[in-house]
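Visitor: I have a structure to go through with you. Can we start with the ligand and then move on to the helices?

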Amino acid sequence: MTEEDLVGKVIEQYTLLRCIGEGSFSEVYEAQCKNKFFACKVCEQEKQYNTELAAYTLLKNSGASLAIHSTGEYQGHKFIVMDLGTDARNLIFRGNIGKNLVAFLQVLDCVKICTEKGVNHNDIRESNIVFYEEQAKLIDFGTASFSSIGLSSSYSRKINPCLGTEGFNTRAYRDTENLARILAYFVRNSVQSSAQIKARLQAMAIDAQIQCRKAGTAQNTLNLLHSKLEEMLGLATYEPIKL
Ligand SMILES: Nc1ncnc2c1ncn2[C@@H]1O[C@H](COP(=O)(O)OP(=O)(O)O)[C@@H](O)[C@H]1O
Ligand SMILES: [Mg+2]
């Protein structure tokens, strides 16, 4: 399957307009139905598609994920039509630091919801976050796993000693721990008028990353990041800009 094969094709009532994203096992298209626009993810692998659908079912109406409008098969490929978001990276690179910290807070809430619903995303990173109606949402649940662990259970840091190193996208990483790394990314790539304040915020984000390694439980990690964020927001000059 290549991009050229599918642009212009009509899946159910959705016309594929252009490819907006590609991953290892999928291509994502902007799709039009009447005067509305959607995202249509065409999956190479059925396993990934099934996992993704299972996650979306558990997270339906939770606020952490996008709405699904249609699913099915087209010429041997499974597809999912969902809300069309804006890639988080587009916003981060032109967003000021205050706005980005607020956005990060929303990502934190999404992960909290997932944890409560027993969905481990397993691949939390900036390319798997979009904004929809000014709210951060997680996408790409193709490598999710499901548990009844919930927020109250603890897990040892020892099983995941590699936070802060390269390879953050491997399944070994826990969602809550990955957040600390993304926080640093949000801060590093933000626009900030004062270089001095930005440097302090960057140091705080890195400090949060180090502390998260010792937090021990998902609950502790989320709480720790929450308090760090409040501290950081207090320091950042928050000039609201429409997302
Ligand atoms: N609903 C969506 N709205 C906007 N962009 C999306 C949407 N879904 C996916 N994308 C874009 O497509 C890329 C690949 O989609 P993703 O679901 O992460 O696929 P993969 O499983 O192959 O990584 C994302 O990084 C994002 O840029
Ligand atoms: Mg992805």
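**Ligand site and helix packing**

Guide: Ligand 1 lies between domain 1 (3-83) and domain 2 (86-235), because both give residues to the shell around it. Keep in mind that this is a predicted model.

Visitor: How many residues surround ligand 1, and which are the closest?

Guide: The shell has 21 residues, and the closest are G21, G23, S26, A39 and D140.

Visitor: On to the helices. At what angle do α4 and α7 pack?

Guide: Helix α4 (residues 97-117) packs on α7 at about 165 degrees, and the axes are 10 Å apart. Angles over 145 degrees count as roughly antiparallel, so α4 and α7 are roughly antiparallel to each other.

Visitor: Is that crossing left-handed or right-handed?

Guide: α4 and α7 cross in a left-handed way. On the α4 side the contact uses G98, L101, F104, L105, L108, K112 and T115, and α7 brings A218, L222, L225, H226, L229, M232 and L233. By class, that contact has ten nonpolar, three polar and one charged residues.

Visitor: What about α6 and α7, parallel or antiparallel?

Guide: The axes of α6 (residues 195-213) and α7 cross at roughly 170 degrees and come within 10 Å. That angle makes α6 roughly antiparallel to α7.

Visitor: Which residues of α6 and α7 meet?

Guide: From α6 they are I197, R200, L201, M204, A208, Q211 and C212; from α7 they are T221, L224, L225, K228, E231, M232 and L235. Nine residues of this α6 and α7 contact are nonpolar, two polar and three charged.

Visitor: Last pair, α5 and α7. How do the axes cross?

Guide: Helix α5 (residues 175-188) and helix α7 (residues 218-235) have axes that come within 9 Å and cross at roughly 20 degrees. Angles under 35 degrees count as roughly parallel, so α5 and α7 are roughly parallel to each other. α5 passes α7 in a left-handed crossing.

Visitor: Where do α5 and α7 meet?

Guide: α5 uses T176, E177, L179, A180 and L183, against A218, T221, L222 and L225 in α7. The class count for α5 with α7 is six nonpolar, two polar and one charged.

Key: Residues are numbered from 1 along each chain as its sequence is written. Chains are lettered from A and ligands numbered from 1 in the order in which they are written. This is a predicted model: local features need pLDDT of at least 70, side-chain atom pairs count only at pLDDT 80 or more; totals for chains, interfaces and linings use all residues. Axes are lines fitted to C-alpha atoms, for helices over the stretch in contact, and angles run from 0 to 180 degrees between N-to-C directions. Helices (H or I, at least four residues) and strands (E, at least two) are DSSP runs, numbered from the N terminus. Angles under 35 degrees count as roughly parallel, over 145 as roughly antiparallel, 65 to 115 as roughly perpendicular and the rest as oblique. A crossing is left-handed if the near helix is turned anticlockwise from the far one by less than a right angle, and right-handed if clockwise. Two residues are in contact if their C-beta atoms, placed from the backbone, lie within 7 Å. Ala, Val, Leu, Ile, Met, Phe, Trp, Tyr, Cys and Pro count as nonpolar, Asp, Glu, Lys and Arg as charged, and the others, Gly among them, as polar. A residue is near a molecule or strand if its C-beta atom, placed from the backbone, lies within 6 Å of it. Domain bounds come from an automatic or database domain assignment.
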